[in-house]
Amino acid sequence: MTGPVSAHRLLELAQARGLHLAVAESLTGGLLADAVVSVPGASAVMRGAVVAYATELKAQLLGVDPELLARTGPVHAEVAKQMAVGVARLMGADLGLATTGVAGPGPADGYQAGTVHVAAWSERGVLHRELHLSGGRQKIRDSSVLAALKLGVALLEANGARV
């Protein structure tokens with residue numbers, strides 16, 4: 001599996017830059033944090049995680065705009081971005097990753113299973129990716145974790161030596 005490789009690379013890049021990481025999860029329910037902390041030495045970088053599965057917790061805990069959530073629901077690019085910013089601020093981290101979407105087995109909030117948004121944030125910018133994944137619930141969740149890790153790596157690599 002490439003997840004641990006991506007998590008290892010993310011932690012390696014963040015540690016080399018003296019950065020700390022926090023993650024906000026919805027559909028992945030803790031899998032993203034688990035992928036990160038499964039890497040030996042993760043404590044040098046990882047600050048913490050929030051699993052905000054319920055929509056209202058995205059606003060209450062992570063500072064996602066309640067009006068945005070009322071307009072769009074939780075499956076939206078801007079929600080993922082705000083979750084990434086919010087968790088970084090909440091945890092005192094330099095880098096935030098977020099996942100939100102529909103794992104299935106059926107549609108939710110007007111979106112088909114496999115519709116996922118992942119985001120990575122640092123002071124120098126934010127990256128977002130919309131995914132349309134196939135497969136069962138676990139495959140969608142695993143693929144979402146991998147996509148979030150890759151996005152975090154891409155953000156750090158794009159920013160070179162500084163974030």
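How much space lies in the largest pocket? In this predicted model, the volume of the largest pocket is about 200 Å³. Its lining is made up of 17 residues. Those nearest the centre of the pocket are Tyr-53, Gly-101, Val-102, Ala-108 and Asp-109. Two elements, α3 and β3 (95–101), each give two or more residues to the lining. By class, the lining of the largest pocket holds 8 nonpolar, 6 polar and 3 charged residues.

Asp-109 also stands out in its backbone. Although Asp-109 is not a glycine, its phi is positive, at about 55°. Asp-109 is placed in the loop between β3 and β4. Pro-105 lies in the loop between β3 and β4 (115–122) as well, and a cis peptide bond joins Gly-104 to Pro-105, with omega about 20°. Most residues other than glycine have a negative phi, and most peptide bonds are trans.

| Site | Backbone feature | Angle |
|---|---|---|
| Gly-104 and Pro-105 | cis peptide bond | omega about 20° |
| Asp-109 | positive phi | phi about 55° |

Helix α3, which contributes to the lining of the largest pocket, also packs against another helix. Two packed helices are described by the angle between their axes and the distance between the axes. For α3 (residues 55–62) and α5 (residues 77–91), the angle is about 40° and the axes are 9 Å apart. The two helices are therefore oblique to each other. Their crossing is left-handed. On the α3 side, the contact is made by Lys-58, Leu-61 and Leu-62; on the α5 side, by Val-79, Gln-82, Met-83, Gly-86, Val-87 and Leu-90. The residues of this contact divide into 6 nonpolar, 2 polar and 1 charged.

Terms used. Residues are numbered from 1 along each chain as its sequence is written. This is a predicted model: local features need pLDDT of at least 70, side-chain atom pairs count only at pLDDT 80 or more; totals for chains, interfaces and linings use all residues. Side-chain values use heavy atoms; hydrogens and water are left out. Axes are lines fitted to C-alpha atoms, for helices over the stretch in contact, and angles run from 0 to 180 degrees between N-to-C directions. Helices (H or I, at least four residues) and strands (E, at least two) are DSSP runs, numbered from the N terminus. Angles under 35 degrees count as roughly parallel, over 145 as roughly antiparallel, 65 to 115 as roughly perpendicular and the rest as oblique. A crossing is left-handed if the near helix is turned anticlockwise from the far one by less than a right angle, and right-handed if clockwise. Contact means heavy atoms within 4.5 Å. Ala, Val, Leu, Ile, Met, Phe, Trp, Tyr, Cys and Pro count as nonpolar, Asp, Glu, Lys and Arg as charged, and the others, Gly among them, as polar. On a 1 Å grid over the protein atoms alone, a cavity is a set of points where a 1.4 Å probe fits but cannot get out, and a pocket is an open set with protein on both sides within 12 Å along at least five of seven lines; lining residues have an atom within 4 Å of a point. Grid points are joined across faces, edges and corners, and a volume is the space filled by probe spheres set on the points.
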